[in-house]
Amino acid sequence: MDSLFTTYLQLGFEHISDPKAYDHIVFLVALCAIYRPQEWKRVLLLVTAFTIGHSLTLLLAVLDIIRFPGSVIELLIPITILATAFYNVSQPAERGPQAMRWNYAFALFFGFIHGMGFSNYLRALLMPGEEGQLWLQLLAFNLGIELGQIMIVACVLLLAGLAFGLLRVKAAAWNQFVSGAAAGIALTLLLQQWT
Amino acid sequence: MAYGEGIVPTHEFHLSRCHINYNVAEEALQMTLHLFLDDLEDAMLREGIDIQFLCTEKEKEDAEKQLYRYLQMHFQLRVNQQAVTYEFVGKEVSDDLLGVWVYLEVKEVDQVSALTISNRLILDLHADQRNITSVLVPPGKQTYLILDRYKSQESLNYAQ
């Protein structure tokens with residue numbers, strides 16, 4: 001027995017962390033592949049930029065201002081993963097603050113695309129007669145997604161820390177390994193669109 | 001919705017919505033349900049109900065009767081500890097054509113001090129099916145329930 005807020009918070013959290021819909025997870029993994037654990041504040045900012053992006057398209061879709069066909073989004077999401085992975089491996093080992101700023105822009109922009117994906121889910125949750133609570137539903141759902149994202153990136157940074165500390169993996173090798181794995185999954189997802 | 005369970009994450013989600021509202025003026029419990037049509041037909045098939053082509057041009061003549069029969073099997077209410085029978089008020093297809101809105105009503109309910117909801121709709125079909133059920137019995141606050149295979153029934157108390 002729950003309130004609207006906790007229910008939508010839970011639904012948002014579980015939606016992003018659902019292992020069966022792992023494309024959002026893979027994107028987040030790719031997004032933080034070029035960061036070291038001590039850069040966690042930047043990753044937090046990055047994830048928040050992503051949240052701002054997907055909150056916006058989610059809002060527009062739920063208000064019925066724009067609507068996106070599911071098939072197009074399912075094509076675009078793996079492309080965001082591929083683009084992030086390629087960007088990661090094309091970066092020099094030592095990046096200046098300018099390059100860092102680009103990451104936030106990417107996260108924001110790719111957030112728009114992922115928000116379209118979330119919107120199809122949230123639309124199925126909204127009921128007529130609850131319009132007055134729409135803002136609270138959106139807020140709780142987005143917060144749930146944000147918490148789920150933080151959990152996912154925390155796991156990635158923890159794994160990176162273990163790889164660096166215990167296995168003496170170099171940061172550049174870690175980036176290539178994680179980005180390569182993400183790109184492979186994204187390619188598989190893309191190929192599955194045609195089969 | 002395309003099926004791609006286990007292999008492709010297609011954002012295929014297994015979700016239904018149900019809103020139960022006690023209309024004080026009409027002394028009636030009014031229910032609105034949203035069910036995805038493909039899941040609904042599959043779940044009905046599991047109960048031995050032939051495909052009804054709900055909300056399409058091919059919809060069978062007694063499709064609503066069959067739907068009502070399926071609902072009665074898996075969606076039950078107890079008001080003030082008494083099992084009640086709801087009427088089938090109507091249905092309409094959702095504007096994306098993927099789902100159906102179903103309207104049900106229990107008449108002559110002069111007060112609600114306790115309400116037990118059992119929502120097992122479609123739960124037998126998908127392990128991750130969740131039936132989000134919200135309940136509004138004025139002057140109480142709206143309550144949200146996430147009903148699933150592990151917990152498909154909940155009792156609410158409104159006694160003053």
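The legends below describe close-up views of a predicted model. In this model, local features require pLDDT of at least 70 and side-chain atom pairs count only at pLDDT 80 or more, while totals for chains, interfaces and linings use all residues. Residues are numbered from 1 along each chain as its sequence is written, and chains are lettered from A in the order in which they are written, with ligands numbered from 1.

**View 1. Chain B as a whole.** Chain B contains two helices and ten strands; helices (H or I, at least four residues) and strands (E, at least two) are DSSP runs, numbered from the N terminus. Read from the N terminus, its elements follow the order β-β-α-α-β-β-β-β-β-β-β-β. Along the principal axes, the C-alpha atoms of chain B fill a box of roughly 50 × 35 × 30 Å.

**View 2. The six-stranded sheet of chain B.** This open sheet has the strand order β5-β6-β2-β1-β8-β9, with mixed pairing; two strands pair if DSSP finds at least two bridges between them. At its edges stand β5 and β9 of chain B, each of which pairs on one side only. From one strand to the next, the twist averages 15 degrees. Within the sheet, β1(B) and β2(B) are antiparallel and share seven bridges, and B:N23 stands opposite B:A28 in β2(B). In a regular strand, side chains alternate between the two faces of the sheet.

**View 3. The hairpin of β5(B) and β6(B).** Strand β5 (residues 87–93) and strand β6 (residues 99–106) of chain B run antiparallel and are joined by six bridges. Opposite B:K91 stands B:V102 in β6(B). Five residues lie between the strands of this hairpin, in which B:L97 takes a positive phi near 65 degrees.

**View 4. The four-stranded sheet of chain B.** A further open sheet has the order β4-β3-β7-β10, with antiparallel pairing. Its edges are β4 (82–84) and β10 (153–157) of chain B; each has a single partner strand, so one side of each is left without a neighbour in the sheet. The twist averages 25 degrees from one strand to the next. Strand β3 (residues 75–79) of chain B runs antiparallel to β4(B) and is joined to it by three bridges; B:L77 has B:V84 as its bridge partner in β4(B).

**View 5. The contact between chains A and B.** Here 17 residues of chain B are in contact with 20 residues of chain A, contact being defined by C-beta atoms, placed from the backbone, that lie within 7 Å. On the side of chain B that touches chain A, β1 (15–23), β2 (28–36) and β9 (143–148) of chain B each supply at least two residues. The most comes from β9(B), with four residues.

**View 6. Two packed helices of chain A.** Helix α4 (residues 70–90) and helix α7 (residues 171–193) of chain A pack at an angle of about 155 degrees, with their axes 8 Å apart. Axes are lines fitted to C-alpha atoms, for helices over the stretch in contact, and angles run from 0 to 180 degrees between N-to-C directions. The two helices, α4(A) and α7(A), are therefore roughly antiparallel to each other, a term for angles over 145 degrees. Among the residues that meet are A:L75 and A:I81 in α4(A) and A:A182 and A:L189 in α7(A).

Note on methods. Parallel < 35°, antiparallel > 145°, perpendicular 65-115°, else oblique. Contact = placed C-beta atoms within 7 Å.
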